[in-house]
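Please keep the model open while reading.

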Amino acid sequence: MTNLTRRAFILSTGASGLVLGLAPNNALGRGLHGRSGDDALAASFKQPPDSARAWVYWWWLDGAASEAGITADLEAMREQGIGGVLLFDAGAGGPAAPKGPLFMSAEWRVYFRHAVREAARLGIEMGVNLCSGWNAGGPWVEREDAVKSLVWKETIVDGPARIDLELPRYVEPPPKPPDVEYVKSGWPEIAEQPVDWYRDIAVLACREGEDGEWRLSGVRNLTSAMQNDRLQWDAPGGRWTILRVGYVIGKRGLSTGRVSNSSWPVPAWEIDPMSADAMDRHFAETGAKLIADAGALAGETFKFTHIDSWEIGRPTWTAKFIEEFETRRGYDPTNYLPALANKIVDDRNVTERFGWDYRRTIADLVVENYYGRLSVLSKEHGLGTHSESGGPIFWHNVDALEALSTNDIPMGEFWSSRTSFPGLPFGWDEPLGVAAPFFEPTSRVLPDFAYSSVRQAATAAHIYGKDLCQAEALTNTNKDWTEDPDYLKPYIDRAFCLGLTRCVFHGYVHQSTMTDKPGYVWEHIGPHLDRNITWWSKSHAWLAYVTRCQFMLRQGKFVADVLYFTGQAIPNFVLLDRKPITGFDCDVTNAHALLTRASAHKSRLRLPDGMSYRYLVLPDGAGKALTPAVLEKILKLVEGGVTFVGDRPEQSLGLKNRRQSNGQVQTLANALWGTGMPRSGVRKLGKGRVIWGTPLEEVIEADALPPDIEFRSVDDVESIDWIHRQDGETDIYFIANQSDRVMTTEVVFRVNGKVPELWDPVVGETRELTEFSQAGRRTVVPLRLEPKQSWFVVFRRPLSDTALVEGENFPEIHSTGTLDGPWSVDFDEEWDGPQGVVFSKLDDWTERPEDAIRHFSGTAVYRKAFDLPRNEPTPQYLDLGTVKNVARVRLNGEDLGVVWTAPWRVRIDAIVRAKDNQLEIEVTNLWPNRLIGDARLPPDERRTRTNVRTYDTKLPEQFFCWWDAECEERKATGASAGLLPSGLLGPVSLLVEESDTQP
C-alpha cells in the first residue's frame, strides 16, 4: 500500500445539504466500483425516519409556560429535527425568571393539554416526568407514603431488676444549616424542617458480647413489653443492651426525604420507593390525570412516563418490610435487625448473609414497587416508561440492570463539561456500589464519570431485548451559551461508541415569552438548546448528523465477544466506561438475565432476541459468593458449549438453609472446576470449557481469535473509539476520532470477502472504498479522520459482485490559492449590527475597533467575488479554515449547506465558474459577547433579556462558579468576562483533488 500520510480526505465535508459525487477512479490501489449505495438502507441513512431523531428535556422552569411559547417551541423543534420531548417541570429559574402555575394545578394542566395537542399536530412524541423536580413526590404525598429510613436507639440496663422506664427512641436531630456551596449554586434550597414522625419496628435485648456480638439464642424480643413508650420487663441477671429499632422519614443517607429541584414553594415528600401503595397513590395524582387530559392522544403522542435520576439517597425501610422480607427470604428478620445497628449477630458470616438478604430485599422492592409498578400502571393505559433507573447515584441497594429492565427504553446520562470537578454537594465521593473493582469507571471526576451509566443502559437494552437505549445527553456546568455543535460532537460520539441509540439533550428550556432573548434558562447548567440560541436556525445540520448516527446504530444487533457477569452482590452497578480488552467489545449480565434469558447455542451464550457471546466471564472478586441456582445455570451453559472464564466461588449467599446451600455450591463447583483445583487450568465439560487463573486476553490469544477491529500505524489508539453492529449479512462499524488531531491509520476489520463502504453521517453520502486488502479472514482498510471526525464503515456486498478498479481511499488535495481581503460584511440589523463593513483581512470580531462588532452576537454575512486561479476538471473545494462558530455557504446563488465541523469545507466544482464567482458565507457566533457588552449598560438600554448573571460586569460573592478558576478570579477582582473569538477567521482556500496519484 502507498504511504498513508500522503492521503488527504476530500470527499466528505462538514456541510449539510450538499450532495457529493463518488470517489474518482483514477488512483492507484485495488478497489471496486459500480454502485453508490442507492438502496433502501442508504436512502434511509441520507434521510432517516423521524423515529430516529433525538429528543430533548423540555424544562418548564418554575412552571412558566404560555400557549404561544409552547407552539413556538414545538414548531422550532420540528423544523430543526427534534423528534420528542421529555416534559419536565422544575424549580431552577431563580428570582429573575418568570413564574407560572404549580405542577399539576388546573392552570398547569391547561398548558399540558395544549402541549399534547400541538405535539400531535407536529408529529412530536412526548414523555412526562411525574414530578416537579427529581424522582417521584408532591404535596399530595402523606407521611405514611414518604421515603423511610431505619433508625435505632441503644439503652443499657443491669439485671436482675424490674425495668420500668420510658425507653428512649431515636429523635431526628435539628436541621443543619444549608450547605454554603449549595446555596451559592443558586439551586433551590430544600428546607429541612424538624419532623418528629417515628414508628417502632421492634425492641430487642441481649447480653452483648465482645465487639458488639449478639447471640441469637440470647436475643429477647421485648416489643410486647412496651406500653406506649414505657418498657416494663423483668430483666434477668447481667448487663443488657436494649435496641429500640424503628423507622422515620427525613434526612437519612444522603437524602432530605424531600423532592429536590422542585418549583413547589413548600418542599414536598418523595414517595417511598419500596411501597407499591405509595406509587399507586402518586400515579393517581399525576400520571392518571395527565392520561385523562391527553385523552385519545395518550399512547399516541403522550407515550412515556418518567422518573429521573435517582436522588433519593439510600432508603433503608418501608412499612411492610418484615412481611415482604419473610415472603422473599423465607424467615423472620426481626431478631437479626441488630446487624443493621452495627452489631455482629452470632458471627460475621451469619451477619454478612443476613446483610445480603436485607439488601437483596430492598433491591427487589425498588425494582418491583417503584420502577416496575410505574411500568405496570403506565402499560394499563397504553404508555411505556423510560426512567433513568440505573443512577447516576451509584451506591443505593439495587441491581441496576434489573431496575433498567423494567423500562421500555433503558436510560443513562453523560455530560459535556469543560471543567472537571470531583463531585457534587450530595456526596459523589461515596464508595461505588459495584460487585468488583473491574466494574468501576476509569474516572471518578466529572464529566468523564457520568459516562459510566451509558454502557449500563446499553447493556441492559441488549440483554433484556430492548430496541433502544437513551441518555440524558450533554449536561454540563460550562459558562452559559459557550457550546457549539463542533464542541459537542465528540461527547456524543463517545456515547454512541458505548452503545447509545438515542440522545435526550439536556436541555431545551421552554421559552414562555416571544420577545425576550436569549431568554430564561437553568443558569450554568447546559447546554442551552432552544429556539433563542444564536445558531438554532442552523442546528438542523448537527441534528441531522445525530439522527443518521442513531438510525445506523439501531440496525441489527450489537456485536460483542464477551459477556461479563456481575455476580450477585447488592448494590450492583455496571460502570464500565471502556472496552476492557483493546479491539473487543462486551456486554454485562446480572444474575436475573442469566437465569431467565441465557442459553447455549453453537458454542456461544445466546439470548432470546438474537444477541450472542463467545465468552462468559466472571471478573475477579465478583463471584466469591453465588447461589446454587446461578452455578447450576453456569454448569448447564458450559455443558451446552459455552466457554466460562472465572474463579471458583467460596460459598453460597443468604441465610436460609445456609448449610444445605453451601453444600450445593460446593457440589456444583466441583462439577465445574473439579476437585483439588490448581491455581489455573482448563477443564472441558460437555461441549464447553471452564477456564480459571488465566487472564481473558491470554484465553483469546490461545483461541486465535483476532480482534473485531484493530488500528494500525497510529500513535494514539486510545483517541479512536468504535462500535460494531450486524444486520443479517451486513456489518456496520462506527469509528470516531476523539482527538483534535488528524488520524491516519490502517483499520483491520474482522470481516472477510466484502466490499468496504464509507458512509458519512455529517452529509448522508456513501461511497465504496477503492483501496483495501484481504489479510487472512480480515479486511485492511486505510482511513483518515479529521479532528473529531467519525465514519461508518459498512460491509454488505460480496467481492464477487463488483468489478475491481484502481483508487486511493483519500486522494491528496492541494491549495490553488486563498481568498484574501477585502470582504464586505453585513451584520444583522435587527441586533444593531453595522452594514457594509469592509474587512481588509479576516479579523476576529473581538479584535475590531467597532464596539458594535466586538460585542456582536448573531449572524453576519461575508461577501466576496473571485475568479478561479485555474479551472480544474477534478473535484474542487472551498475550505473555510477556522470558523467561530457555525457557517452556511452560498456560491453563485446555490445553497451549499451548513458547515459546523471538520474538515470545514464544501465541494464546489459543479457550481464554480472561471470568472465572477459570487460567494456568501453566513457566520454565526455565540451569545456571550453581546451579554458582556449589555452588562455594561443600564438595564433599560440592554437588548438582551435573561435570568443569567454569568456575564455581569461584577459577579456577586454568592455566585457559584462550578469550580471555574476564571469565574472565581472575576468575583475577586470585579473584572468582566473575556470575549469569545468570533467570525470567519480563515484562511479561506480553494482546493483541488490531484488528478494523478503518485506511488
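## Charges over rings

In this predicted model, Lys-579 lies over the face of Trp-722, at 5.1 Å from the ring centre.

## Nonpolar cores

The largest nonpolar core comprises 262 residues, and those with the most contacts inside it are Trp-58, Phe-414, Phe-505 and Trp-542. Helix 8, spanning residues 348–379, gives the most to this core, contributing 11 residues. A second, separate core has 21 residues, among them Leu-769, Val-793, Phe-795 and Phe-810.

Leaving aside residues up to four places away in sequence, the residues that Trp-58 touches include Ile-70, Leu-74, Met-77, Phe-88, Met-126, Tyr-508 and His-510. Trp-58 also belongs to an aromatic cluster that it forms with Trp-60, Phe-103, Trp-108, Phe-112, Trp-140, Trp-264 and Phe-302.

## Aromatic pairs

The structure holds 55 aromatic pairs. In one of them, the ring centres of Trp-59 and Trp-522 are 5.0 Å apart and the planes stand at 80°, so the pair is edge-to-face. This pair links distant parts of the chain, 463 residues apart, with Trp-59 in strand 3 (residues 54–61) and Trp-522 in the loop between strand 20 (518–519) and helix 12 (539–552). Trp-59 is buried, with a relative accessible area of 1%, and Trp-522 is buried with a value of 4%.

For Phe-827 and Phe-839, the centres are 6.4 Å apart and the planes are at 35°, so this pair is tilted. Phe-827 lies in strand 42 (residues 823–827) and Phe-839 in strand 43 (residues 837–839), so the pair ties together parts that are 12 residues apart in sequence; both residues are buried.

Terms used. Residues numbered from 1 in each chain as written. Predicted model: local features only at pLDDT ≥ 70, side-chain atom pairs only at ≥ 80, totals over all residues. Heavy atoms only, no water. Core = buried A, V, L, I, M, F, W, Y, C linked by side-chain atoms within 4.5 Å. Buried < 20%, exposed > 50% of the residue type's maximum accessible area, 1.4 Å probe, protein only. Helix = DSSP H or I, 4+ residues; strand = E, 2+ residues; numbered from the N terminus. Contact = heavy atoms within 4.5 Å. Phe/Tyr/Trp six-rings, centres within 6.5 Å; stacked < 30°, edge-to-face > 60°. Lys NZ or Arg CZ within 6 Å of the ring centre and 35° of its normal.
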